[in-house]
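Hello,

Here is the structure we talked about handing over. Please load it first, then read the notes below.

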Amino acid sequence: MFREIDIRDIKKSPVEMISDEWALLSAGTPDSFNTMTVSWGALGELWGRDCAFAFVRPQRYTYEFMEKNEYYTLSFFDGAYKKEMGFCGSHSGRDCDKMKETGLQPVRAGESVSFSQAKTVLVCRKIAIQDIDPKGFLDESIHSEYPSDDYHRVYIGEIVKVLKAD
Ligand SMILES: Cc1cc2nc3c(=O)[nH]c(=O)nc-3n(C[C@H](O)[C@H](O)[C@H](O)COP(=O)(O)O)c2cc1C
């Protein structure tokens, strides 16, 4: 169902992919995983590798899976499934079964998990983490994003596989 492609064959802007169309960030395996919607993040190069950058607040259930697992995925749906992504971005896997509620179907993607409905999947290997330090905020207005001091953990993932739905 998925075939491997070269990341350079993705012609869409990462801003459009992540900020506008959103992604599902998933960690674990089809048997045990959690997923949540993300629209903050980036794709690019670091340390000579193709990398994905995801920002996860510590209270997310997905955070626990990001901590436990070496691999995770970013799944893109080409602007479709916004309703389902809205659900995954407003409910916690601690309180409900997101798959049952959305009809998304978990499938194996490399060493991790994605969904049969995804159009593009980035399989990432966690290579570094870094917690946002508010001392680094040069623009004071950024503080208002963190009324509860729940600073994101940045996950830097080497993109080890890119999958495209046929
Ligand atoms: C469009 C959208 C984008 C989001 N982006 C992020 C993000 O980048 N980082 C984050 O920590 N939470 C983000 N969230 C919030 C989580 O997706 C949300 O809290 C989710 O319910 C967490 O689920 P979980 O507890 O099962 O992990 C976003 C929510 C939406 C709707």
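This is a predicted model.

A118 sits in the loop that links β8 (112-115) to β9 (120-131). Is A118 buried or exposed? It is buried, because 27 other C-beta atoms lie within 10 Å, and the cut-off for buried is 20 or more. Setting aside neighbours within four places in sequence, A118 contacts S75, F76, F77 and A165. E140 is another matter: 22 residues separate it from A118 along the chain, and their C-alpha atoms are 38 Å apart.

Next, the ligand. The shell around it holds 20 residues, and Y61, T62, G89, S92 and G93 come nearest. β3 gives the most, with four residues. By type, the shell has seven nonpolar, ten polar and three charged residues.

β5 also pairs with two strands. With β4 (residues 41-46) the pairing is antiparallel, over six bridges. There, A42 stands opposite F53 of β5. The β4 and β5 hairpin has two residues between its strands, and W47 takes a positive phi near 50 degrees. With β10 (residues 153-165), β5 again pairs in the antiparallel sense, over six bridges. In that pairing, C51 stands opposite E158 of β10.

One general point for reading the strands: side chains in a regular strand alternate between the two faces of the sheet.

Best regards

Key: Residues numbered from 1 in each chain as written. Predicted model: local features only at pLDDT ≥ 70, side-chain atom pairs only at ≥ 80, totals over all residues. Buried ≥ 20, exposed ≤ 12 C-beta atoms within 10 Å, placed from the backbone. Contact = placed C-beta atoms within 7 Å. Near = placed C-beta within 6 Å. Nonpolar A, V, L, I, M, F, W, Y, C, P; charged D, E, K, R; others polar. Pairing = 2+ DSSP bridges.
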